[in-house]
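User: I am new to reading protein models and would like to go through a few features step by step. Could we begin with contacts between charged side chains?

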Amino acid sequence: MEVIIFKDQQTASKKISAFIKAKLQKKKGLVLGMATGKTPLNLYEELIKKYEKGMMDFKDVSTFNLDEYYGLNSEDKNSYCYYMRENLLKKINIDQENCHIPNANSQDVPAHCLQYEQKIREKGGIDIQILGIGSEGHIGFNEPASSLVSRTRMKTLTQQTIKDNSIYFDDKKSVPIHVITMGLGTIMEAKEILLMAFGDSKSEAILNTVEGPLTSMVPASILQMHPKATIVLDEKAAKQLKRREYYQWVYNNRPSWQIGI
Ligand code: GLP
């Protein structure tokens, strides 16, 4: 696990977008795992800027989103379908056929989840999975006590997540209780993982993820088992880490051949 601490979200997002651009230059059919929430918004803006300047071509790129609220239709402003369309997908030259989000209206959820996993496999797996983190350490919508080897499935949100995410809903009481999310086992199959966290409210979850024990009580701690997971933070999200000086030392002394963020 590599921990990189930048002074703020803007700097971090610029660095990550440059990293994705470099990866895209090497593989034009890059498969990206996408996250939602406020954390990746800056990153998506940076990717759009690079596309508009002719620096990135998304024609052959595929995307798979982590999760979706069950029951919301794709026109609903709170659906992740809407979020992705408005914040990235309609602003770049990606083929909409290659953009995948769990179907929130599926009548046969287990069958749909199997198909979702099958589509990921058909594309050769996810090259780079982008993640945010919930205040209790969830990734995707894998809440505490999620199986560490879980696959795409329906989950029930914790009351804390419902409260956290209600800030995005006009009607605070209308946050869906159920979601479809990639599992921790699904996420762990991505070849590379970039987890981003910004702000004080994420510092405890980051402490538990990076320096705590591996436990399903902090689902993101499974990333300790991933061979290529990078945790990208701002100063605030990193503030509780005990070994932050070491992480900065590692970053400042990276071998010149290492291609990273
Ligand atoms: C939701 C999403 C997660 C996201 C988390 C954090 O619960 N399912 O994928 O990482 O929110 O959101 P934010 O970035 O808004 O803090």
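Analyst: A search of the whole structure finds 15 salt bridges, where a salt bridge is a side-chain nitrogen of Lys or Arg within 4 Å of a carboxyl oxygen of Asp or Glu. Please keep in mind that this is a predicted model, in which local features need pLDDT of at least 70 and side-chain atom pairs count only at pLDDT 80 or more, while totals for chains, interfaces and linings use all residues. Residues are numbered from 1 along each chain as its sequence is written, and side-chain values use heavy atoms, with hydrogens and water left out.

User: Which residue forms a salt bridge with Lys-27, and where in the chain do the two lie?

Analyst: The partner of Lys-27 is Asp-127, with the closest N and O atoms 2.9 Å apart. This pair links distant parts of the chain, 100 residues apart, since Lys-27 is in the loop between α1 (9-26) and β2 (31-34) and Asp-127 is in the loop between α4 (109-122) and β6. Helices (H or I, at least four residues) and strands (E, at least two) are DSSP runs, numbered from the N terminus.

User: Is Asp-127 buried or exposed?

Analyst: The idea is to look at relative accessible area: buried means under 20%, exposed over 50%, and partly exposed in between (1.4 Å probe, protein chains only). Asp-127 counts as buried because its relative accessibility is 9%, whereas Lys-27 is partly exposed at 33% and Lys-191 is partly exposed at 43%.

User: How many residues apart are Glu-46 and Lys-49?

Analyst: They are three residues apart, about one turn of the helix, and both lie in helix α2 (residues 41-52).

User: How should I read aromatic rings?

Analyst: A pair of aromatic rings is described by the distance of the centres and the angle of the planes. Rings of Phe, Tyr and Trp (its six-membered ring) pair if their centres lie within 6.5 Å, and planes under 30 degrees apart count as stacked, over 60 as edge-to-face and the rest as tilted. The whole structure holds 10 aromatic pairs. One of them joins Tyr-69 and Tyr-80, a tilted pair at 4.9 Å centre to centre with 45 degrees between the planes. Tyr-69 lies in strand β4 (residues 67-69) and Tyr-80 in helix α3 (residues 80-87), so the pair ties together parts that are 11 residues apart in sequence.

User: Which residue forms a stacked pair with Tyr-80?

Analyst: That residue is Phe-141, at 6.0 Å centre to centre with 15 degrees between the planes. Phe-141 lies in the loop between β6 (128-131) and β7 (153-156) and Tyr-80 in helix α3, so this pair ties together parts that are 61 residues apart in sequence. Phe-141 is buried, with a relative accessible area of 1%, and Tyr-80 counts as buried at 10%. Tyr-69, Tyr-80 and Phe-141 belong to one aromatic cluster, which also includes Tyr-44, Tyr-83 and Phe-169.
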